[in-house]
Amino acid sequence: QVQLVESGGGLVQAGGSLRLSCAASTRSFSNYAMGWFRQAAGKEREFVAAIGRNGISTYYADSVKDRFTISRDNTKNTVYLQMNSLKPDDTAVYYCAAGPYSGSRSAYDYWGQGTQVTVSS
(Lines give C-alpha, C1' and ligand atoms only; values in the text may rest on other atoms or scores of the structure.)
Protein backbone atom coordinates (compact mmCIF):
# COMPACT_ATOMS: atom_id res chain seq x y z
CA GLN A 1 0.00 0.00 0.00
CA VAL A 2 1.23 3.49 -0.91
CA GLN A 3 -0.11 6.64 0.65
CA LEU A 4 0.35 9.89 -1.23
CA VAL A 5 -0.07 13.38 0.22
CA GLU A 6 -0.02 16.45 -2.01
CA SER A 7 0.79 19.96 -0.85
CA GLY A 8 1.64 23.35 -2.28
CA GLY A 9 -1.62 24.34 -3.88
CA GLY A 10 -3.16 27.76 -3.44
CA LEU A 11 -4.34 30.93 -5.11
CA VAL A 12 -2.05 32.66 -7.60
CA GLN A 13 -2.45 35.35 -10.24
CA ALA A 14 -2.18 34.53 -13.91
CA GLY A 15 1.46 34.44 -14.96
CA GLY A 16 2.58 33.34 -11.53
CA SER A 17 4.16 30.12 -10.33
CA LEU A 18 3.51 27.34 -7.84
CA ARG A 19 5.35 24.19 -6.89
CA LEU A 20 3.35 21.17 -5.87
CA SER A 21 4.84 18.37 -3.81
CA CYS A 22 3.65 14.83 -3.30
CA ALA A 23 5.14 12.78 -0.48
CA ALA A 24 4.85 9.01 -0.61
CA SER A 25 4.82 6.73 2.41
CA THR A 26 6.53 3.67 1.00
CA ARG A 27 9.99 2.18 1.13
CA SER A 28 9.70 1.21 -2.51
CA PHE A 29 9.08 4.68 -3.95
CA SER A 30 11.71 4.19 -6.66
CA ASN A 31 9.75 1.17 -7.94
CA TYR A 32 6.92 3.41 -9.10
CA ALA A 33 6.58 5.86 -11.91
CA MET A 34 4.68 8.94 -10.78
CA GLY A 35 2.08 11.04 -12.47
CA TRP A 36 0.23 14.28 -11.96
CA PHE A 37 -3.35 14.65 -13.02
CA ARG A 38 -5.88 17.45 -12.59
CA GLN A 39 -9.61 17.80 -12.47
CA ALA A 40 -11.42 21.06 -13.07
CA ALA A 41 -14.95 21.58 -11.82
CA GLY A 42 -17.42 19.72 -13.99
CA LYS A 43 -14.71 18.04 -16.07
CA GLU A 44 -13.02 14.68 -16.14
CA ARG A 45 -9.66 14.09 -14.54
CA GLU A 46 -6.91 14.64 -17.11
CA PHE A 47 -3.27 13.77 -17.44
CA VAL A 48 -0.71 16.51 -16.76
CA ALA A 49 2.74 14.92 -16.50
CA ALA A 50 4.53 11.67 -15.73
CA ILE A 51 8.04 10.74 -14.66
CA GLY A 52 9.78 7.41 -14.78
CA ARG A 53 11.14 5.51 -11.81
CA ASN A 54 14.66 6.89 -12.16
CA GLY A 55 13.57 10.43 -12.95
CA ILE A 56 15.08 10.48 -16.42
CA SER A 57 12.01 9.87 -18.55
CA THR A 58 9.30 12.50 -18.50
CA TYR A 59 6.41 13.55 -20.66
CA TYR A 60 3.70 16.13 -20.55
CA ALA A 61 0.27 16.98 -21.80
CA ASP A 62 0.47 19.45 -24.66
CA SER A 63 -1.44 22.01 -22.63
CA VAL A 64 1.34 22.29 -20.04
CA LYS A 65 4.44 21.53 -22.07
CA ASP A 66 7.16 24.17 -21.67
CA ARG A 67 5.37 25.63 -18.63
CA PHE A 68 5.33 22.74 -16.13
CA THR A 69 8.21 20.56 -14.98
CA ILE A 70 7.89 17.26 -13.17
CA SER A 71 10.77 15.98 -11.06
CA ARG A 72 11.37 13.55 -8.23
CA ASP A 73 13.74 12.97 -5.36
CA ASN A 74 13.89 9.27 -4.55
CA THR A 75 15.88 9.96 -1.39
CA LYS A 76 12.92 11.97 -0.07
CA ASN A 77 10.14 9.83 -1.56
CA THR A 78 8.75 12.97 -3.15
CA VAL A 79 7.63 14.05 -6.60
CA TYR A 80 7.25 17.68 -7.59
CA LEU A 81 5.38 19.69 -10.17
CA GLN A 82 6.82 23.12 -10.89
CA MET A 83 4.16 25.21 -12.59
CA ASN A 84 5.15 28.45 -14.30
CA SER A 85 3.24 30.96 -16.43
CA LEU A 86 0.00 29.80 -14.89
CA LYS A 87 -3.27 30.49 -16.66
CA PRO A 88 -6.85 30.57 -15.39
CA ASP A 89 -7.44 27.36 -17.36
CA ASP A 90 -4.95 25.63 -15.06
CA THR A 91 -7.42 26.00 -12.18
CA ALA A 92 -8.20 22.52 -10.89
CA VAL A 93 -7.63 20.02 -8.13
CA TYR A 94 -4.25 18.44 -8.76
CA TYR A 95 -3.63 14.79 -7.89
CA CYS A 96 -0.48 12.76 -7.80
CA ALA A 97 -0.53 9.06 -8.56
CA ALA A 98 1.84 6.10 -8.37
CA GLY A 99 1.97 3.22 -10.80
CA PRO A 100 3.41 2.30 -14.19
CA TYR A 101 4.81 4.93 -16.52
CA SER A 102 1.70 6.02 -18.34
CA GLY A 103 -0.48 8.92 -19.32
CA SER A 104 -3.60 6.89 -18.69
CA ARG A 105 -5.55 7.56 -15.53
CA SER A 106 -6.66 3.94 -15.29
CA ALA A 107 -3.07 2.66 -15.21
CA TYR A 108 -2.24 4.15 -11.83
CA ASP A 109 -2.69 2.14 -8.67
CA TYR A 110 -2.47 4.75 -5.93
CA TRP A 111 -3.79 8.30 -5.64
CA GLY A 112 -3.45 11.23 -3.32
CA GLN A 113 -6.32 13.29 -1.99
CA GLY A 114 -5.58 16.28 -4.21
CA THR A 115 -4.61 19.90 -3.72
CA GLN A 116 -6.51 22.88 -5.08
CA VAL A 117 -4.84 25.28 -7.49
CA THR A 118 -6.73 28.44 -8.37
CA VAL A 119 -5.39 30.92 -10.93
CA SER A 120 -7.05 34.31 -11.00
CA SER A 121 -7.13 36.48 -14.10
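A residue counts as partly exposed when its relative accessible area falls between the buried limit, under 20%, and the exposed limit, over 50%. In this predicted model, Tyr59 has a relative accessible area of 30%, so Tyr59 is partly exposed. Tyr101, at 38% relative accessibility, is partly exposed too.

These two tyrosines form an aromatic pair, one of 7 in the structure. The geometry is edge-to-face: the ring centres lie 5.4 Å from each other, with 80° between the planes. Tyr59 belongs to strand S6 (residues 58-60), while Tyr101 sits in the loop between strand S9 (92-99) and strand S10 (110-111). The pair therefore ties together parts that are 42 residues apart in sequence.

Tyr59 and Tyr101 are also members of a cluster linked by ring pairs. Phe37, Phe47, Tyr108 and Trp111 belong to this cluster as well.

Now turn to the core. The largest nonpolar core has 35 residues. Leu4, Met34, Trp36, Leu81, Met83 and Tyr94 touch the most other members.

Follow Leu4 through its contacts. Beyond its neighbours within four places in sequence, Leu4 is in contact with residues including Met34, Tyr110 and Trp111. Cys22 and Cys96 are also among the contacts of Leu4.

Those two cysteines form a disulfide, with an S to S distance of 1.9 Å. The structure holds 1 disulfide. Cys22 is in strand S3 and Cys96 in strand S9, so the pair links distant parts of the chain, 74 residues apart. The torsion about the S-S bond is about 45°, which means that the disulfide is right-handed.

Finally, look at Ser28. This residue lies in the loop between strand S3 (18-25) and strand S4 (33-39). Its relative accessible area is 24%, so Ser28 is partly exposed. The side chains of Ser28 and Thr26 are joined by a polar contact of 3.0 Å. Ser28 and Asn77 are 49 residues apart in sequence, yet their C-alpha atoms are 8.7 Å apart in space.

Technical notes: Residues are numbered from 1 along each chain as its sequence is written. This is a predicted model: local features need pLDDT of at least 70, side-chain atom pairs count only at pLDDT 80 or more; totals for chains, interfaces and linings use all residues. Side-chain values use heavy atoms; hydrogens and water are left out. Helices (H or I, at least four residues) and strands (E, at least two) are DSSP runs, numbered from the N terminus. Buried means under 20% relative accessible area, exposed over 50%, partly exposed in between (1.4 Å probe, protein chains only). A polar contact is a pair of N or O atoms within 3.5 Å; within protein, one must be able to donate a hydrogen and the other to accept it, and residues adjacent in sequence count only if both atoms are side-chain atoms. Rings of Phe, Tyr and Trp (its six-membered ring) pair if their centres lie within 6.5 Å; planes under 30 degrees apart count as stacked, over 60 as edge-to-face and the rest as tilted. A nonpolar core is a set of buried Ala, Val, Leu, Ile, Met, Phe, Trp, Tyr and Cys residues joined through side-chain atoms within 4.5 Å. Contact means heavy atoms within 4.5 Å. A disulfide is a pair of cysteine sulfur atoms within 2.5 Å.
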